[in-house]
Amino acid sequence: MNPLSAIDFYKADHRRQYPEGTEYVYSNFTPRSSRLAPVLDSFDDRVVFVGLQGYIKRFLIEAWNQNFFNQPKEKVVAKYKRRMDGSLGEGAIPVDHIEALHDLGYLPVEIKALAEGSRVNIKVPMFTIVNTLPAFYWLTNYLETSLSSDVWKVCTTATIAYEYKCLLMNFAERTGAPADFVPLQGHDFSSRGMSGIEDAAQSSLGHLTSFIGTDSVASIDYAEDYYNAEGVIGVSVPATEHSVMCMGTQGGEVDTFRRLIAELYPRGVVSIVSDTWDFWQVITSYARDLKDTILAREEDALGLAKVVFRPDSGDPVKIICGDPDAEPGSPEYKGAVECLWDIFGGDITDKGYKTLNPRVGLIYGDSITLQRARAILNGMEAKGFASSNIVLGIGSYTYQYLTRDNFGFAMKATWGQVYGEGREIFKDPVTDSGTKKSARGLLRVEKTGEGFELFDQQSFDQEKQGELKTVFKDGALVREQSLTDIRERLAS
């Protein structure tokens with residue numbers, strides 16, 4: 001894509017709409033409100049900041065260089081003119097400023113940002129952006145469309161992933177489950193529900209800031225390419241889908257299980273979808289028939305030899321924890337975790353909660369939300385089972401049911417310069433509740449005991465201080481962070 005096209009049409013002619021003599025436009029990107037946020041039980045009005053570096057590398061550097069600056073000027077300008085003429089009218093948008101940008105050979109903007117992995121208070125800017133050459137004042141907010149669309153989703157996903165991790169850590173502490181299992185306990189199943197693979201890769205990067213369990217291969221590539229990720233980035237296990245089980249036929253289902261756990265995967269972890277026909281038959285009859293085979297499997301290099309049963313339909317709380325309205329003593333009444341305990345037994349944590357034999361486990365990944373996750377964990381706790389008996393597959397029900405407005409993300413200009421005179425600009429709609437009221441002037445952000453605090457109407461010297469540090473300037477990334485840095489900052 002010609003990066004010039006990564007805009008809303010109304011951006012195209014703002015250059016001429018600014019007052020004559022405009023030289024600089026200074027804007028910021030801020031989460032303004034959490035009023036539309038998903039229900040996050042432990043949310044304290046702080047949003048995880050991540051995703052800007054990926055945008056800078058992938059779009060501001062790679063896309064602009066490959067598809068604009070390194071292309072013949074006549075070609076890219078002609079394409080831009082054709083697009084504008086075709087949709088806005090012949091000659092509606094002059095192209096001399098585009099030609100001048102190509103002649104310059106780089107993007108003359110400076111971005112200052114907080115450290116990625118920070119939890120940023122509502123109404124505090126995560127980053128600012130300003131042009132560095134007066135002739136390109138139009139470029140600051142021209143980039144808003146691509147900046148906003150690339151960054152809000154990753155921040156939102158990372159914030160929700162953080163809430164899942166807090167939830168799982170809380171129940172691990174309450175039930176005596178191992179805390180080092182939590183990074184594996186939230187497993188990303190969201191890719192197929194996203195709006196394309198790029199969306200999946202970027203969104204799932206947010207998940208990787210709190211977890212290592214993922215089925216999003218593209219997100220691991222994204223983390224390596226744009227966040228210098230090393231070591232354990234994301235992990236998964238061999239797993240089946242319904243087509244595999246169906247192809248083995250209903251009459252041969254137990255043989256399919258046996259072939260998977262004894263022949264194809266005789267060691268390590270394997271996850272098998274178990275509700276293709278009768279989940280309760282699988283979790284009681286088949287599991288008992290296969291008990292000796294399951295217990296005889298070999299451990300892998302990590303000492304693991306687990307068969308994970310995956311129910312994939314019904315009410316997840318009732319499937320895992322049992323249905324009090326079902327016939328007493330029935331599998332449905334007991335729930336999957338108790339059925340497996342009856343067959344395989346297990347251990348007791350130091351808090352007095354049961355943990356299944358390490359050779360078996362459960363994963364549930366259908367329509368999981370934070371509320372359902374909490375209900376499952378509460379249900380297991382009430383039955384005397386530790387939280388580590390379940391892995392949660394977190395999919396599009398969590399990571400796709402989102403909008404930019406969940407945390408009110410917006411990029412707004414607060415300062416400009418016209419004929420050498422600085423102007424503190426702001427918006428404060430009388431018809432609004434106050435959510436859309438912007439800061440004024442140059443901005444500074446300081447770290448406090450309550451997180452981050454915004455100071456507006458700053459002098460040039462004051463704006464240079466604080467936690468907003470230059471990360472991109474004049475076409476180059478000048479401050480780089482790794483996924484390890486981000487994870488450690490967020491974990492702290």
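**Contact between two domains**

**View 1. The two domains.** Domain 1 (3–155 + 404–491) and domain 2 (156–400) make up the division of this protein, with bounds that come from an automatic or database domain assignment. The model is predicted: local features need pLDDT of at least 70, side-chain atom pairs count only at pLDDT 80 or more, and totals for chains, interfaces and linings use all residues. Residues are numbered from 1 along each chain as its sequence is written, and side-chain values use heavy atoms, with hydrogens and water left out. Between the C-alpha centres of domain 1 and domain 2 the distance is 40 Å. Domain 1 gives 35 residues to the contact and domain 2 gives 33 (contact means heavy atoms within 4.5 Å).

**View 2. Buried area.** About 2,700 Å² is buried between domain 1 and domain 2, and carbon and sulfur atoms give 52% of this area (buried area is the accessible area, with a 1.4 Å probe, that two parts lose on being put together, summed over both). On the domain 1 side, the residues that lose the most area to domain 2 are Lys 153, Leu 483 and Arg 487, together 25% of what that side buries.

**View 3. A salt bridge.** Glu 198 and Arg 58 form a salt bridge through their side chains, at 3.4 Å from N to O (the rule asks for a side-chain nitrogen of Lys or Arg within 4 Å of a carboxyl oxygen of Asp or Glu). The rule finds 2 salt bridges across the interface of domain 1 and domain 2.
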